Amino acid sequence: MRKQMLTLDSLNSDKFISVFLAIGFAEKALPIWEAEYPEDSRPRKAIEAAKEWLSNPSDAAANAARDSANAARDSANAAAAAAAADAAAYAAYAAYAAYAAYAADAAAYAAYAAAYAAAYAANALGVDKETLIHEVILESLDWILQYKIENGQSFAQPELILDYLSEEQKQSFLFNLDAVA
């Protein structure tokens, strides 16, 4: 029997997880932008600003993420207007998801931004969005699991998540079930 794919909805994401995943999606597409526009670092700076917010969720970091995200969007708009490669513009739009770090305490907005980052990255990469989401979540599952445990958060679909955990991760998850219930 084929396992069901992991989705953004299966995680019951908060703002941190959404920003973390938005970064993951944008990083997948970033090489396309950098190959087309090696001199324009605005999308990379947007990703770095979002990472900084994850490390230091302050107002200053959120404002820097907003400013960098807007600069990445400007790069994408310029590339699209110049009839440049669509993939490069989509890659820069994926980096715009760093804006999610700016939305103070807005988990819903951050989740929305992560979904858009996934869509833009999938378009840039020429892959199925659901497959990309599944792959990035799967690559990030250890971090997500630890984050959920540390913050006493549950998954929207824990039975689905369990299918993808290693035996060690399952033991950690089950051991900490009271914390994530």
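Guide: At a relative accessibility of 42%, Asp142 counts as partly exposed, a class that lies between buried (under 20% relative accessible area) and exposed (over 50%), with a 1.4 Å probe and protein chains only. The model is predicted, so local features need pLDDT of at least 70 and side-chain atom pairs count only at pLDDT 80 or more, whereas totals for chains, interfaces and linings use all residues. Residues are numbered from 1 along each chain as its sequence is written, and side-chain values use heavy atoms, with hydrogens and water left out.

Asp142 belongs to helix H6, which is the part examined here. Helices are DSSP runs of H or I with at least four residues, strands are runs of E with at least two, and both are numbered from the N terminus.

Ser140 is another residue of helix H6. With a relative accessible area of 11%, Ser140 is buried. Apart from residues up to four places away in sequence, Ser140 touches Phe20 and Leu21, where contact means heavy atoms within 4.5 Å.

Ile137, also found in H6, is buried at a relative accessible area of 0%. Beyond the residues up to four places away in sequence, Ile137 touches Leu6, Thr7, Leu8, Leu11, Leu21 and Ile144.

Leu6, one of the contacts of Ile137, lies in the segment before H1. Leu6 counts as buried, with a relative accessibility of 1%. Leaving aside neighbours within four places in sequence, Leu6 is in contact with Ile133, His134, Ile137, Leu138, Leu160, Ile161 and Tyr164. In the case of Ile161, 155 residues away along the chain, the C-alpha separation from Leu6 is 7.4 Å. The segment before H1 also holds Asn12, which is partly exposed at a relative accessible area of 40%. Asn12 is not a glycine, yet has a positive phi of about 60 degrees. Most residues other than glycine have a negative phi.

The packing of H6 against H1 comes next. The two helices meet at an angle of about 145 degrees, and their axes are 10 Å apart. Axes here are lines fitted to C-alpha atoms, for helices over the stretch in contact, and angles run from 0 to 180 degrees between N-to-C directions. The crossing of H1 and H6 is right-handed: the near helix is turned clockwise from the far one by less than a right angle, anticlockwise being left-handed. On the H6 side, the contact comprises Leu132, Ile133, Val136, Ile137, Glu139, Ser140, Trp143, Ile144, Tyr147 and Lys148, which meet Phe16, Ile17, Phe20, Leu21, Gly24, Phe25 and Lys28 of H1. By class, these residues divide into 12 nonpolar, two polar and three charged; Ala, Val, Leu, Ile, Met, Phe, Trp, Tyr, Cys and Pro count as nonpolar, Asp, Glu, Lys and Arg as charged, and the others, Gly among them, as polar. Phe25, on the H1 side, touches Leu8, Ala114, Ala117, Ala118, Ala121, Leu132, Ile133 and Val136, residues up to four places away in sequence not being counted.

A nonpolar core is a set of buried Ala, Val, Leu, Ile, Met, Phe, Trp, Tyr and Cys residues joined through side-chain atoms within 4.5 Å. The largest one has 53 residues, and those with the most contacts inside it are Leu11, Leu21, Phe25 and Ile137. At least two residues of this core come from each of helices H1 (15-36), H2 (42-55), H3 (59-81), H4, H5 (107-125), H6 (129-150) and H7 (158-164). H1 supplies the largest share, 10 residues.

H4 (residues 86-95) is largely enclosed by the rest of the structure because seven of its 10 residues are buried. These are Ala88, Ala89, Ala91, Ala92, Tyr93, Ala94 and Ala95.

For the chain as a whole, the secondary structure comes to nine helices and zero strands. Buried residues make up 44% of its 181 residues. Of the contacts with a separation of 6 or more, 72% join residues 24 or more positions apart.
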